[in-house]
Amino acid sequence: MDKYLNKRKHDNTIDECEIDNGDNVAGPSQSSKMESAENKIQNYLLDGKYYKIISVEGTKISASCQLCSKKIIAYNNSTGNLLSHYKLLHSSIMSQVKEYKILKMSGNSKKDILKQTKLFHSGPNKSCSKQEVNDLVFEYIICEMRPLVTVEKRSFKKLILGLTHSKDESIIPNRKQILQLLKNSYNSYVSMLSDLIQKSKFICTTADIWSGNNKSYLGMTCHLIDPITYERKSFVLGCKRIIGSHTYLNITETMTCMTQEYNIHYSKISHTVTDNASNFAKAFRTFSTSVKSTQSTTLSVGDLNEDGSPFEDSDVETENITVVDIGQIFTNSEDQNIDESFCLPPHMRCCAHTLNLISTTDIKKIKDASYINISESTFKKLFSFWTLISRSTVASDKILEKCGCKFPIPVVTRWNSLYDSSLKVLKYKQQLTKAFDDLHLIKLKLSEWTFLEEYCQVMEPLAISLDKLQGENNSFLGYVAPTILVLRRLLISFTDLKYCKPLSFAIIQAIETRFNYILDLSRPESKDFIIASISHPKFKLSWVPLRYMNLCKNLFITECCLRMNTETKSTNLTITQSDKDDSDDDFFDSICNDNDFTSPSESESRNSNLANLQALSFLNLKKKDLDILNDFPVIKEVFLKYNTTIPSSAAVERLFSKAVQVLTTRRNRLSDDTFQMLLCCRSKYDL
């Protein structure tokens, strides 16, 4: 292979020489100019080893990479593009580039003393303008989540003045200027995101509530799919303060206010994904559809002071409540206008959170005595170990010395944390057996080690499923149904378990209860998951059980026909124009016009036939790349409609992890508006 490549390179050089020699007029003069230009340019990247100079126009230099032949534009006083190209595309040889740079700077002699490179060069071309300093300082404050008052610290001013070689402190923005830049950046972010949402046909949102420093905030994120690259783009809608109890009315009002700020109509949102909290469920049950005018002034008496806890999994309904006219009792009631102004999109419970409830809440309901005994004894010893190394520095240092690593500690709020911690313990079983003696901890028995191995074996498919569903960039709603079916199938296959059979049975039973709409595809709530999975090229009909094959196939084809009929007029125009034969217009004109006028149903049936054809062709295609959707416009529309929804609300949880870094204890006087602007502008730099 190397000989072949060397031969190709040799042939290319021959061809280039022949071409250069063929130009008898411009060849010698042009080559002499290039040689003189190369002599003037003093840069180790342009000496022919890494780049070949193509042309030089004043200070502008055009060079081609010697590895990939890509053309790069640089300048005499700025050659950063050349080095950036190697950092991005040829990072594997960056060490060689650095060594070559040192060698060139030392005059190709190892005996010469290496000179230190200057960070800054004096001269008018190298000085930073005030605007550049403002932009760089603002980006640092936002990306590192530093307080705005940082710019007024003496050490920070000294740093900037030293780096810019300036003595004028006016080039450093003050706190008020940074705040104004923050407001301008936030306004541009809102404008950009509003325009992007208006251009998108479908979007998905996630919502959750977070508390910090005795304050509660409702965070929302927005997600959409690029119709060209099929990449998912995520944005922060906001993180607004909630004052008072987390009632469904407060939640509805805050979410509506946040979506109205970006001019988002609820019909554009495919789903809003939240956790299983009862207050969210109540809000969407009440406002997720258009409220009739007859119900605009009525509320049940039992709902006036309802306050759902965010930690509950279900909501208890109050039955046999008399419905009265609130407008007749409270003429100035604020609740009278709620039904008229609030309307939420369809709601979807977070599938990853549901799996987490299975691995925590449902497992605790196991009643098998032998499993309970060995489980409690095993995890009691492990939790004593985890507690000790998290509180004692001496114990932590001993474990680090014995095992060469640190061990994760299970946390209730982090999904998969118990499984990950147990798996790490199993990996260092031999080292921990000796370490337990040094720490004076009770060692695990052989049966308990066997139990821990079986526990990790059973929980592994559940942990993998959680990772797949709580992803953000590469996860779609179409992943839910195949993932749940595969998870159940893997759990059923564990037949050789000695201690964890009750655990496996409990998880299977919980899956059948919580995901009954996936196992019973004839239910109405299964529609979104069915169409989302079938429209994804990775799955199509491969995951559908045989007893539901015809049902799912017909449901998918029907949806394709509906999507086709939404563009009936434009489709009919295209079909009519393509079917006309100009040579026979005069003879058949009356018949064709009559049919077009009197039989509009023919165009609908023709569109249905086209949709059926695209659907069947798509299902029979063996390719699984998302790019094949470009060949099926109707399937593409169906895919975007149903797979824009993400199956997990983990995205808003990641937003809260950034919020923790902003709203620290020392910044408890930070205003709510500034806090939200900081989070939104921080996400702007992540795009």
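Reply: Strands E5 (residues 215-225) and E6 pair in the antiparallel sense over 10 bridges; pairing requires that DSSP find at least two bridges between two strands. The model is predicted, so that local features need pLDDT of at least 70 and side-chain atom pairs count only at pLDDT 80 or more, while totals for chains, interfaces and linings use all residues. Residues are numbered from 1 along each chain as its sequence is written, and side-chain values use heavy atoms, with hydrogens and water left out. Strands (E, at least two residues) and helices (H or I, at least four) are DSSP runs numbered from the N terminus.

Within this pairing, Ile-225 has Arg-232 of E6 as its bridge partner. The hairpin has 6 residues between the strands, and there Tyr-230 adopts a positive phi near 60°. Strand E6 (residues 232-242) is mostly covered, with 8 of its 11 residues buried; buried denotes under 20% relative accessible area, exposed over 50%, and partly exposed in between (1.4 Å probe, protein chains only).

As to charged side chains, the structure holds 14 salt bridges, each a side-chain nitrogen of Lys or Arg within 4 Å of a carboxyl oxygen of Asp or Glu. One of them joins Arg-514 and Asp-362 at 2.8 Å, N to O. Arg-514 belongs to helix H19 (residues 501-514) and Asp-362 to helix H12 (residues 351-362), so this pair ties together parts 152 residues apart in sequence. Asp-362 is buried, at 11% relative accessibility, whereas Arg-514 is partly exposed, at 24%.
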